[in-house]
2 protein chains.
Amino acid sequence: MTKTPQKYNYAVIATDIAIFTMQNEQLKVLLIKMKKAPYTGSWALPGGLIKGDENLDDAAERILLDKAGLSHVYLEQLYTFGRVDRDPFGRVVSVSYFALIPNSGITPKTSSEYSEIAWFSVKNLPKLAYDHKEIVQAAIQRLQSKLSYTNIIYGLLPKEFTLGELQTIYEIILGKKLDKRNFRKKILSLKLVKKLNRKKSTGPNRPAELYCFTQSKPQLVDIL
Amino acid sequence: MTKTPQKYNYAVIATDIAIFTMQNEQLKVLLIKMKKAPYTGSWALPGGLIKGDENLDDAAERILLDKAGLSHVYLEQLYTFGRVDRDPFGRVVSVSYFALIPNSGITPKTSSEYSEIAWFSVKNLPKLAYDHKEIVQAAIQRLQSKLSYTNIIYGLLPKEFTLGELQTIYEIILGKKLDKRNFRKKILSLKLVKKLNRKKSTGPNRPAELYCFTQSKPQLVDIL
DNA sequence: TCAAAAGTGTTCATGATACACCCATGT
DNA sequence: ACATGGGTGTATCATGAACACTTTTGA
């Protein structure tokens with residue numbers, strides 16, 4: 001067995017990451033404005049090439065750190081996109097990931113590789129480079145379905161939160177209203193969260209109890 | 001942007017396919033015995049390299065046809081395995097797939113690339129080359145979970161089958177007994193199958209009604 | 001005192017589970 | 001006649017769905 005490029009068809013392996021957060025009652029995804037031709041000025045998912053001595057997951061983590069300054073967030077492999085013509089540069093196979101981060105008001109900064117970086121509501125996306133639209137759609141769908149049978153929503157919330165905030169996130173991502181009493185009954189019966197016995201005042205209304213998650217590892221739970 | 005191998009790290013893209021069928025009341029996976037070093041004599045999943053001008057799904061279909069003589073079967077992308085050291089040959093990223101085929105007693109033939117090909121019960125697998133054990137496990141897990149929320153079991157059954165056969169497959173793959181009456185009630189209420197008004201005699205017992213699927217496209221259905 | 005979100009139980013409908021006997025056939 | 005798998009219905013239980021008022025606070 002020899003390494004003959006003519007015989008074995010090499011490809012560039014890239015990874016693109018759909019990074020989600022909640023802001024202003026909206027599900028948002030992080031996009032960067034590209035400098036490189038032929039997509040100069042287009043918005044795209046943060047991504048990059050995988051190094052020769054780098055595992056796929058490590059590459060995704062590195063890119064998350066480099067482009068968004070994030071680490072220790074929920075990250076999972078999504079799907080691999082490899083249409084022959086998906087990148088005008090040549091054969092590039094993208095192993096896509098999706099990540100969840102709590103809304104900490106982070107606005108990652110620009111770098112030499114891209115001219116702008118910003119959060120976009122998934123309801124109002126600009127035109128995206130490559131097949132990134134498809135990737136975002138796949139990520140949203142995965143997120144929606146995983147919300148109903150796992151506890152990964154913890155990835156979108158800060159350490160402390162109220163049950164109202166929790167419910168709102170479900171409602172926004174799933175795109176439907178939930179009954180407050182039934183929702184609380186379910187969440188509490190699953191013992192996913194515990195009461196901190198502290199309250200959060202948010203305005204001219206009754207302060208809400210603060211809760212935290214009892215688990216911060218992904219697990220299967222029948223939520224909705 | 002230039003194609004400089006030193007700068008952009010190229011990798012070989014492969015695909016490996018976990019092909020499942022039911023035989024003798026067992027879930028089986030198709031394996032080949034390798035000729036190539038350093039895994040000479042080891043069993044492995046059927047797989048191959050993706051060509052430069054070939055989409056990922058097309059490559060998987062091609063390999064399914066070449067190695068197992070199969071086409072028009074249920075096939076879905078599973079996961080992408082890319083540990084740096086997963087292949088002693090060098091950097092090979094494997095986009096794995098899983099496929100379901102009806103038990104037609106097919107025993108695919110050997111070829112120049114491998115010395116043997118055979119079905120193995122997933123309960124009794126030999127040692128596998130590369131990280132193929134991990135791939136098989138991921139495939140089984142995906143199959144198990146998809147059985148309960150989709151109709152993909154149609155991929156494992158012939159055109160005509162009895163409800164008893166259908167139930168047995170569920171029981172084997174899920175690893176638990178199901179109540180006959182409840183199972184039939186559920187399957188029939190979902191209108192996934194229709195009666196053919198023909199019977200199948202299988203021995204010294206009452207002949208069973210034959211059914212066929214009403215759909216042979218994957219769809220979400222709440223089965224179990 | 002008013003507006004705004006938090007918090008709390010019960011009833012009802014639906015679906016899941018448990019369960020046992022007769023039927024049709026080949027040997 | 002007997003052994004074997006096929007086929008059928010009902011009662012109970014658990015879970016999900018619908019639903020409205022009181023509480024606490026800041027302005």
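What percentage of the interface residues of chain B are also interface residues in chain A?

Modeller: The answer is 100%, so the copies meet through the same surface; contact here means heavy atoms within 4.5 Å. The model is predicted: local features need pLDDT of at least 70 and side-chain atom pairs count only at pLDDT 80 or more, while totals for chains, interfaces and linings use all residues. Residues are numbered from 1 along each chain as its sequence is written, chains are lettered from A and ligands numbered from 1 in the order in which they are written, and side-chain values use heavy atoms, with hydrogens and water left out.

In general, two copies of a chain are related by a rotation about an axis and a shift along it. Here, chain B is superposed on chain A by a rotation of 180° with 0.0 Å of shift along its axis, at an RMSD of 0.0 Å. The two copies are thus related as by a two-fold rotation axis. The superposition is by least squares on the C-alpha atoms of residues with pLDDT of at least 70 in both copies.

Chain A itself contains four helices and nine strands. These are DSSP runs numbered from the N terminus, helices being H or I with at least four residues and strands E with at least two. Their order along the sequence is β-β-β-β-α-β-β-β-α-α-α-β-β.

We now turn to the part that you asked about. Of the atoms of DNA strand C within 4 Å of the protein, 39% belong to sugar and phosphate.

Some of the approaches are polar contacts, that is, pairs of N or O atoms within 3.5 Å. An N or O atom in the side chain of R181(A) is 3.5 Å from a base oxygen of DNA strand C. P204(A) uses its backbone instead, with an N or O atom 3.4 Å from a base nitrogen of DNA strand C. The elements that give two or more residues to this surface are α4 (180–189) and β9 (208–213) of chain A, together with α4 (180–189) of chain B.

DNA strand D also has 20 residues around it, and K180(B), R184(B), N205(B), R206(B) and E209(B) come nearest. The side chain of K180(B) places an N or O atom 2.6 Å from a base nitrogen of DNA strand D, whereas that of R184(B) has one 2.6 Å from a phosphate oxygen. Chain A takes part as well: a polar side-chain atom of D179(A) lies 3.2 Å from a base nitrogen of DNA strand D. Two or more residues come from each of α4 of chain A and α4 and β9 (208–213) of chain B.

By class, the surface near DNA strand D has five nonpolar, four polar and eleven charged residues. In this count Asp, Glu, Lys and Arg are charged; Ala, Val, Leu, Ile, Met, Phe, Trp, Tyr, Cys and Pro are nonpolar; and the others, Gly among them, are polar. The surface near DNA strand C likewise divides into five nonpolar, four polar and eleven charged residues.

How values were computed: A residue is near a molecule or strand if one of its heavy atoms lies within 4 Å of it. A polar contact is a pair of N or O atoms within 3.5 Å; within protein, one must be able to donate a hydrogen and the other to accept it, and residues adjacent in sequence count only if both atoms are side-chain atoms.
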